[in-house]
Amino acid sequence: MVPLRGVFEKIGCYVEYDAANHIITAHYQNESVEIRMGNRIANKNGAEITMEVAATIINGHALVPLRFLAESIGAKVEWDEANYTVSIKTEK
């Protein structure tokens, strides 16, 4: 689980938070990802995507699974087991 806003913004997304409904929406190029806190179902351009675990808020930070976050905007995720390193690559 990683902080949603920090990672999305680092990748180049614009992030909005609807506090009344606990929904975070991230915009990246022509993609839109909507995540409801406490739910495992997210929406990408209207299509449902199931996350491994539900998005949650801890100490005021929204946390989501890293792989979901990256793959939801079309990034490629690679795990380097020898070095215990995750690489996320986006096309610019």
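**Salt bridges, an aromatic pair and a surface patch**

Glu71 and Arg67 sit four residues apart, about one turn of the helix, and both belong to helix α2 (residues 66–71); helices here are DSSP runs of H or I with at least four residues, strands are runs of E with at least two, and numbering starts from the N terminus. The model is a predicted one, so to read what follows: local features need pLDDT of at least 70, side-chain atom pairs count only at pLDDT 80 or more, and totals for chains, interfaces and linings use all residues. Residues are numbered from 1 along each chain as its sequence is written, and side-chain values use heavy atoms, with hydrogens and water left out.

The side chains of Glu71 and Arg67 meet in a salt bridge at 3.0 Å, N to O, the term being kept for a side-chain nitrogen of Lys or Arg within 4 Å of a carboxyl oxygen of Asp or Glu. Glu71 is partly exposed at 39% relative accessibility, and Arg67 is also partly exposed, at 38% (buried is under 20% relative accessible area, exposed is over 50%, and partly exposed is in between, with a 1.4 Å probe and protein chains only).

Searching the whole structure turns up five salt bridges. One of them joins Glu31 and Lys44, at 3.7 Å from N to O. This pair ties together distant parts of the chain, with Glu31 in strand β4 (residues 31–36) and Lys44 in strand β5 (residues 41–44), 13 residues apart. Glu31 comes out as partly exposed at 26% relative accessibility, and Lys44 as partly exposed at 21%.

Lys89 and Glu78 form another salt bridge, their closest N and O atoms being 3.9 Å apart. Here too the pair links distant parts of the chain: Lys89 is in strand β10 and Glu78 in strand β9 (residues 76–80), eleven residues apart. Shared partners then join Lys76, Glu78 and Lys89 into one network of salt bridges. As for accessibility, Lys89 is partly exposed with a relative accessible area of 49%, and Glu78 is partly exposed with 32%.

Next, the backbone. Asn45, in the loop between β5 and β6 (47–50), has a phi near 50°, which is positive in a residue other than glycine. The relative accessible area of Asn45 is 46%, putting this residue in the partly exposed class. Tyr84 also has a positive phi near 50° without being a glycine. Tyr84 lies in the loop between β9 and β10 and counts as exposed, at 65% relative accessibility.

A pair of aromatic rings is described by the distance of the centres and the angle of the planes. Rings of Phe, Tyr and Trp (its six-membered ring) pair if their centres lie within 6.5 Å, with planes under 30 degrees apart called stacked, over 60 edge-to-face and the rest tilted. The count by this rule is one aromatic pair. Trp79 and Tyr84 make up that edge-to-face pair, at 6.1 Å centre to centre with 70° between the planes. Trp79 is partly exposed, its relative accessible area being 46%.

Trp79 and Tyr84 also belong, with Val86 and Ile88, to a nonpolar surface patch of about 430 Å² accessible area together. Patches take residues with over 30% relative accessible area and no salt bridge, joining like charges within 9 Å and nonpolar side chains (Val, Leu, Ile, Met, Phe, Trp, Tyr) within 5 Å. Areas come from the Shrake-Rupley method with a 1.4 Å probe, and for residues only the protein chains shown count as cover. Val86 lies in strand β10 (residues 85–89) and is partly exposed at 38%.
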